[in-house]
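Please look over the fold first, then read on.

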Amino acid sequence: MRKRVFVLSLLFMFICGSLMLPGCGTEESSSGDGGVAVEEGGEITIGALLPMSGDLADYGQNVQKGVNLAVKQINEAGGPLGKKLKVVFRDCQSEPTALRDGAEKLVNVDKVPAIIGPMIRLDVATPVASANHVVLISPSNTPTWVTTLDDDDYTFRTTASDAIQGQVLGQQAWDCGYKTAAILYINDPYGGGLAESTTVSFEKLGGKVLGTAAYDPGEVAYRMQLNELAKGDPDVLILIAYPESGVVIIREALSAGLFDQFMFPDGMQSTQIIEDVGGDFLEGMYGTGPGAAETPSYATYLDDYQAEYGEKPATAYTENAYDGVVAIALAIAAAGEEAFEADPGMAIRDNLRVVCNPPGEEINAGVEEFKKAFQMIADGTAINYEGAAGSIDFDEYGDTVTPILIWKIENGDIVPVKSVLAEQ
Amino acid sequence: MTDLVDLLISGLVYGSIITVGAIGLTLMSDILDFFNFAYGDFFTLGAFTTLAFLSVVPGQGTFAGLSFGWSMVLAVLLAALVTVMVMLAFDYLFFRRLRNMGVSSLFMSIASLGVSFIIRSIIFMIWGPKVRYYSSEVQLSKEFLGISIRPDNLFILLSSLLLVAAVYYFLKSSRIGKALRSVSDNKALAQASGMQPSLMIMCTWIICGILAGVGGTLFGIQVQLNPNMGWNFLIPMFVAVIMGGIGSFWGALIGGMTIGITEELVTGLIQNLVTAMELQINVSAYKPAVAFIFVIVILLLRPYGLFGKPQFNLKR
């Protein structure tokens with residue numbers, strides 16, 4: 001009898017395991033036989049660690065499209081060193097535990113030399129990747145502390161630091177005519193850092209932040225924070241949040257009549273919030289996010305994206321992820337044979353600045369440009385990739401200065417207003 | 001002062017949703033004799049089936065200032081029915097077999113953890129990971145007797161009160177209810193006096209299914225529908241059960257309300273105090289911690305819960 005129970009329980013655990021849909025499953029198969037990812041046989045596999053479920057699922061699923069577009073175009077252009085680029089996707093569920101697990105699987109099981117992602121919490125993924133000489137390029141991890149991570153130079157990002165976004169957010173709040181503000185931020189490193197830089201920028205211009213409060217995602221009610229923040233009747237609530245809890249907060253603030261003016265950072269730059277809040281309560285509100293300046297590179301990217309998926313990118317950061325993939329592919333091409341030897345990760349790391357930073361011939365997004373780039377690398381000519389998200393020039397910390405977009409909600413849609421290139 | 005009233009209402013609403021869930025959970029833990037970790041996902045299932053029925057039943061539109069119409073009542077009843085059916089199906093296919101094998105409570109609890117993953121995965125497959133809402137309209141607060149409250153909140157308070165009262169009446173007055181209570185008091189004696197265990201178990205599942213179906217829907221009205229909502233809500237529900245004492249109706253009621261009100265009101269009071277002392281601390285972000293410290297203090301004073309039977313948490 002005991003034995004039967006044991007067998008049953010094993011069987012059960014197995015079924016549960018295989019049924020766990022949001023689990024850390026591989027979404028697209030890798031090279032198949034598992035061996036070394038950088039193979040001589042015509043394929044190069046890199047990894048992507050994105051939130052396909054959880055709070056950031058909306059972002060993850062759209063960013064995946066950006067990654068897939070880049071891979072497709074790189075391969076159409078012939079691929080780095082004539083080999084086919086492949087991506088293994090792993091879901092990090094918007095959660096640190098799953099994120100670490102996913103990073104470990106990419107490093108130890110899939111044995112990839114470079115990873116696109118994670119979207120948040122580079123601090124969790126960096127120790128796993130850098131110790132194993134794997135390059136991480138985050139499309140969206142904006143906090144200021146990413147700059148100083150102890151990463152042996154294996155961590156890069158294709159988006160600007162929050163020091164810059166906060167500066168623009170505070171500036172925009174002031175430009176909108178708000179004299180006083182309240183800030184409600186998600187209680188994590190992203191929220192705290194951005195709240196601080198926004199406050200500094202807004203107060204420097206003469207504004208006054210009357211109150212700052214934090215929230216824990218997934219709460220049933222946020223009445224306490226909202227009541228606290230409404231004291232002194234500030235002109236605007238700057239809501240540094242992600243859509244899932246952000247919408248609940250906006251609805252509560254509106255229904256209690258505490259706030260009717262809001263401003264949002266990149267975390268809320270999703271059409272989902274307009275749809276879920278309903279009505280036209282958010283009409284005319286402003287926000288900031290990563291935003292490409294109107295460069296030829298970005299125009300090509302938008303056209304190609306639209307041609308591929310029949311819609312424009314629904315969330316931010318798709319172009320940043322695209323640039324990450326392209327940078328890796330170009331770096332592999334520049335590394336040449338080194339990208340297949342003992343330490344492909346280090347070879348990619350050492351060549352990222354070679355292909356992305358000046359001096360060199362400027363290379364934009366798009367298949368034709370990539371063809372040209374591969375040819376020039378083969379010829380030994382220096383190139384400088386000008387990405388869709390910005391000029392993607394990595395500094396000594398692996399940071400880039402990309403422009404910040406100011407957007408506005410108009411007729412139930414997120415409309416870009418202008419791109420600002422701030423100084424660090 | 002109005003501040004505190006706002007927080008009290010917010011806490012009452014939260015507490016009443018916990019209570020609806022906790023009463024089901026406490027009955028189940030007592031009569032079925034294991035901690036059902038799948039209960040939270042039945043909660044989610046109830047909320048999502050209500051969403052599914054909402055678009056097909058008659059009575060659309062809005063009613064009496066609520067953000068939904070009569071269709072909600074019909075949809076909730078159907079959803080509760082579905083939740084009960086699914087629960088009974090899982091019991092028949094799964095828990096019944098384990099019970100007949102005579103496995104321990106611990107094993108049953110672990111098995112229920114597996115069931116919870118199955119249900120959640122099914123919900124993910126059908127509805128996807130996206131967050132949903134019953135109504136896309138923002139409801140503005142209205143004045144009732146000088147208190148500003150959302151009609152939806154009033155609906156949640158009233159319907160949970162009604163449901164809890166109905167369950168109380170059932171347990172107190174009906175034949176089956178009395179039998180259930182006697183099983184809870186002394187299983188061996190109840191069985192010896194001719195109570196059918198299988199019938200008692202079925203009744204428990206039915207009551208718990210209704211509570212889960214309605215509770216999940218109330219949570220969905222107040223917050224949002226999210227495939228992980230029930231799983232995350234399991235913690236406050238379990239804490240209410242343990243704080244009140246396993247198997248105690250009044251314990252679950254008072255435990256649930258205490259957690260709800262403490263999280264909102266007491267944390268608010270502490271925040272006021274901290275602000276008055278000019279300290280730069282955001283107590284608000286640590287609401288659950290404040291409530292749980294309170295629970296720990298209560299359990300230190302009464303390890304078997306407020307209304308629990310002393311033998312429960314001690315060695316049996």
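How far apart do the C-alpha centres of domain 1 of chain A and domain 2 of chain A lie? They lie 30 Å apart. The model is predicted.

**Domains of chain A**
- Domain 1 is assigned residues 21–161 + 298–385, and domain 2 is assigned 162–292 + 404–420.
- Domain 1 of chain A puts 18 residues into their contact, and domain 2 of chain A puts in 20 residues.
- On the domain 1 side of chain A that touches domain 2 of chain A, nine residues are nonpolar, six are polar and three are charged.

**Sheet of chain A**
- Five strands form an open sheet in chain A, with the order β2-β1-β3-β4-β5 and parallel pairing.
- Strand β4 (residues 135–138) of chain A runs parallel to β5(A), and three bridges join them.
- In this pair, T155(A) of β5(A) has L136(A) opposite.

**Helices on the sheet**
- Helix α11(A) packs on the sheet and touches β1 (43–50), β2, β3 (114–116) and β4 of chain A.
- The direction of α11(A) makes about 165 degrees with that of β3(A).
- Helix α12 (residues 344–356) of chain A lies across β3, β4 and β5 of chain A.
- The angle of α12(A) to β4(A) is about 50 degrees.

**Helix pair α2 and α11 of chain A**
- The axes of α2 (residues 57–76) and α11 (residues 318–335) of chain A come within 7 Å.
- They cross at roughly 35 degrees, and the crossing is right-handed.
- The contact residues in α2(A) include V63(A), V67(A), A70(A) and I74(A).
- On the α11(A) side, Y322(A), V325(A) and A329(A) are among them.
- By class, this contact has eleven nonpolar, three polar and two charged residues.

**Chain B against chain A**
- Chain B has 36 residues in contact with 37 residues of chain A.
- On the chain B side, the elements that give two or more residues are α1 (2–31), α4 (105–127) and α10 (249–276).
- The most come from α4(B), with seven residues.
- The side of chain B that touches chain A divides into 16 nonpolar, 14 polar and six charged residues.

Definitions and conventions
Residues are numbered from 1 along each chain as its sequence is written. Chains are lettered from A and ligands numbered from 1 in the order in which they are written. This is a predicted model: local features need pLDDT of at least 70, side-chain atom pairs count only at pLDDT 80 or more; totals for chains, interfaces and linings use all residues. Axes are lines fitted to C-alpha atoms, for helices over the stretch in contact, and angles run from 0 to 180 degrees between N-to-C directions. Helices (H or I, at least four residues) and strands (E, at least two) are DSSP runs, numbered from the N terminus. A crossing is left-handed if the near helix is turned anticlockwise from the far one by less than a right angle, and right-handed if clockwise. Two residues are in contact if their C-beta atoms, placed from the backbone, lie within 7 Å. Ala, Val, Leu, Ile, Met, Phe, Trp, Tyr, Cys and Pro count as nonpolar, Asp, Glu, Lys and Arg as charged, and the others, Gly among them, as polar. Domain bounds come from an automatic or database domain assignment. Two strands pair if DSSP finds at least two bridges between them.
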